[in-house]
Amino acid sequence: MKDKSLKGTFPVVFLTLVALIAVGLLVGIDSITAEKIEQQEDQKIQEMLAEMFADMDSYQADDPVEDIYTIYDDGDVIGYSFETVGKGYGGDIKLLIGLENDKTTLKGVTVISQGETPGLGSRITENAFLDMFAGIDKSDVALSKDGGQIDAITGATISSSAVVDAVMGAISEKVQLLGGSE
Amino acid sequence: MSNLIMIFLSLALVNNFIVSKFLGLCPFFGVSKKLSSAFSMGIAVTLVMLIASMVTWVINNYILIRYGVEYMNIIMYILVIASLVQMIELFIKRTNLTLYNALGIYLPLITTNCAVLGITLINASEKYSFIESIFASLGGGLGFMLILIIMSGIREKLDIADTPRVMKGLPIAMLVGMMLGLTFFGFGGIV
Amino acid sequence: MRKFLKHMSTGIIISNPIFVLALGFCPALAVSTSVDNAIGMSVGVLFVLLGSNIIVSVIRRWVPNMVRIPVFIVIIATFVTVINLVFHAYVPSLYESLGIYLPLIVVNCIILGRAEAFASKNPITDSIADAIGVSIGFFLALLIISFFRELLGTGSLSLFGTHLFTLPVLGENPMTVFILPPGAFLVMALLLALLRKMGVIKHE
């Protein structure tokens, strides 16, 4: 250990200088990208809602209840939509659920993101599975083996039930908030 | 409570750091035949993961999020980890010289171990609470240690086995990793 | 010019980060589930490696030895954060696929290794050549691994949305194991054995 009492502070000064420059650079980059990142998120939601509600004209978030999107067509309410998260085999499954204006019939379900097993659980993103949710009554949201209308994907029971459970839970919670019937 | 156990088991077995998430591979391939080394390494890494998780959680929730500078997380986390490893290194050197010599170069290398930075990033992206982060880091670390211990046992037999020349060393170790990974799939039903 | 190419080519074969130096496995195995990911990750590594090599080389005469490693780490972490933000903003789907493995570039032994072993001791142009060479080596390794994993694991190959081709039998019933983590170990083991047999890399 050489005695650096004279140059003792230089290393610390140098490191601090480097750190300050680094922080400055990052603050700059962040200010450029932050807006774009937020835009991306909004755009993604908009595209998904537009696909689910073909007649959609505009939508409003947090209206009337927080975390619920109200869908409008020319000023009339045509439906509601909300996100939910289910616990799948490989982590979180983020879903977007669409509800008709009557607060009882499902418009559809879209998978926002998932980390299930490719080729097995990831098939929850396929139309063959998701189409089963479209147009059914909220009381029919259950696996066929439990008396509902949704057939689980062969070899992906965990992923399938995760989706069903998440949809069931979200609907009962949000419908209550919207003032609909049980 | 069951939620915490699920997080622990998920990161230890189902999404094991080494065979499922590929975090912490360097020590895995370099682990020796000695069970004691594997054990010491495992404990050291788990300890760093635990403390790093706690410190970075505080930094994340009370500084980064509060001031809206989440993007500073990478720099902050790695500096915390580097300092932590440095401190632990000094501590072990002063209290247990044999252990220090046994771990050798692998101790400072814990800084670049993907598992440590990995768990801090996982805690942030999963938005775990403080107590959840603790269980997550324990699960991840002990799962890591489990694989290291299993590998040290297999290593013994592997070194004297009649391996084809092209497969000796790294390739056969990779195949063992594959088989362990396939076996650990069996834990999938737990969560 | 010749020296530039020489430094570059070293990184591709002789010092190939994955197959020869055996560094940076974590992202390589995790991210090689598709060719898209491999390309994305390689771009990330190139950016960080280039940035850090250049800066480290520029300041090499002034960096006090005592704080060498922390300084390198701060520099590398900065570049990683930049690429993380840029990907998040401009290629969100790639950002989501790469997940935590993009920020994990900061602990990728390749980057710190090159900064320490090369950039801190060599002039700027050589450091640039080294960065490019090592990145190409990394990319080639990742490309080969992900090519096989995607092809055998899903039966088809797509590049950023454009479907390239589908294999006849595997298209319907792919060998899923290749896309799963154990598959990465398998492909890697076989590739290493093959490269050794071919004499491209040394035996143990």
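## Helix packing, cores and chain contacts

In chain C, α3 and α6 run roughly parallel to each other, because an angle under 35 degrees counts as such. This is a predicted model, so take every value below as computed from predicted coordinates.

Let's stay with that helix pair for a moment. Helix α3 of chain C covers residues 35-58, and it packs against α6(C) at an angle of about 30°, with the two axes 10 Å apart. The crossing of α3(C) past α6(C) is right-handed. On the α3(C) side, the residues involved are C:V48, C:L49, C:S52, C:N53, C:V56 and C:S57, and they meet C:I111, C:R114, C:A115 and C:A119 of α6(C). Sorted by class, that contact holds 6 nonpolar, 3 polar and 1 charged residues.

Chain B has two helix pairs worth a look, and α7(B) takes part in both.

| Helix pair | Angle | Axis separation |
|---|---|---|
| α3(C) and α6(C) | about 30° | 10 Å |
| α1(B) and α7(B) | about 30° | 7 Å |
| α7(B) and α8(B) | about 130° | 11 Å |

Take α1(B) first, residues 2-14, which packs on α7(B), residues 130-160. Their angle makes α1(B) roughly parallel to α7(B), and α1(B) passes α7(B) in a right-handed crossing. The α1(B) residues in this contact include B:L4, B:I7, B:F8 and B:L11, while among those in α7(B) are B:I131, B:F135, B:G139, B:G140 and B:G143. The class count for the contact is 12 nonpolar, 4 polar and 1 charged residues.

The other pair brings α7(B) together with α8(B), residues 170-184. At their angle, α7(B) and α8(B) are oblique to each other, and this crossing is right-handed too. From α7(B) come B:I147, B:I150, B:M151, B:I154 and B:L158, and they meet B:I172, B:V176 and B:L180 of α8(B). That contact is made up of 8 nonpolar residues, with no polar and no charged ones.

Now for the cores. The largest nonpolar core has 130 residues, and B:V116, B:L117, C:I76 and C:V106 are the members that touch the most others. Helix α4 of chain C, residues 68-90, is the top contributor to this core, with 14 residues. As background, nonpolar side chains tend to be buried together in soluble globular proteins.

How do the chains touch? Between chains C and B, 33 residues of chain C are in contact with 32 residues of chain B. On the chain C side, α2 (25-31), α4, α6 (109-119) and α8 (181-197) each supply at least two residues.

A:F53 sits in the loop between α1 and β1 (58-60) of chain A. It counts as buried because it has 22 C-beta neighbours inside 10 Å. Not counting residues up to four places away in sequence, A:F53 touches A:I71, A:I78, A:G79, A:G98 and A:K107. A:F53 and A:G79 are 26 residues apart in sequence, yet 8.0 Å apart in space, C-alpha to C-alpha.

B:F22 has a positive phi, near 60°, and lies in the loop between α1 and α2 (25-30) of chain B. B:K127, also not a glycine, has a positive phi of about 55° and is found in the loop between α6 (114-125) and α7 of chain B. Which of them is buried, and which exposed? B:F22 is buried, with 28 other C-beta atoms within 10 Å, whereas B:K127 counts as exposed, with 11 C-beta neighbours inside 10 Å.

Note on methods. Residues are numbered from 1 along each chain as its sequence is written. Chains are lettered from A and ligands numbered from 1 in the order in which they are written. This is a predicted model: local features need pLDDT of at least 70, side-chain atom pairs count only at pLDDT 80 or more; totals for chains, interfaces and linings use all residues. A nonpolar core is a set of buried Ala, Val, Leu, Ile, Met, Phe, Trp, Tyr and Cys residues joined through C-beta atoms within 7 Å. A residue is buried if 20 or more other C-beta atoms lie within 10 Å of its own, exposed if 12 or fewer, and partly exposed in between; C-beta atoms are placed from the backbone. Helices (H or I, at least four residues) and strands (E, at least two) are DSSP runs, numbered from the N terminus. Two residues are in contact if their C-beta atoms, placed from the backbone, lie within 7 Å. Axes are lines fitted to C-alpha atoms, for helices over the stretch in contact, and angles run from 0 to 180 degrees between N-to-C directions. Angles under 35 degrees count as roughly parallel, over 145 as roughly antiparallel, 65 to 115 as roughly perpendicular and the rest as oblique. A crossing is left-handed if the near helix is turned anticlockwise from the far one by less than a right angle, and right-handed if clockwise. Ala, Val, Leu, Ile, Met, Phe, Trp, Tyr, Cys and Pro count as nonpolar, Asp, Glu, Lys and Arg as charged, and the others, Gly among them, as polar.
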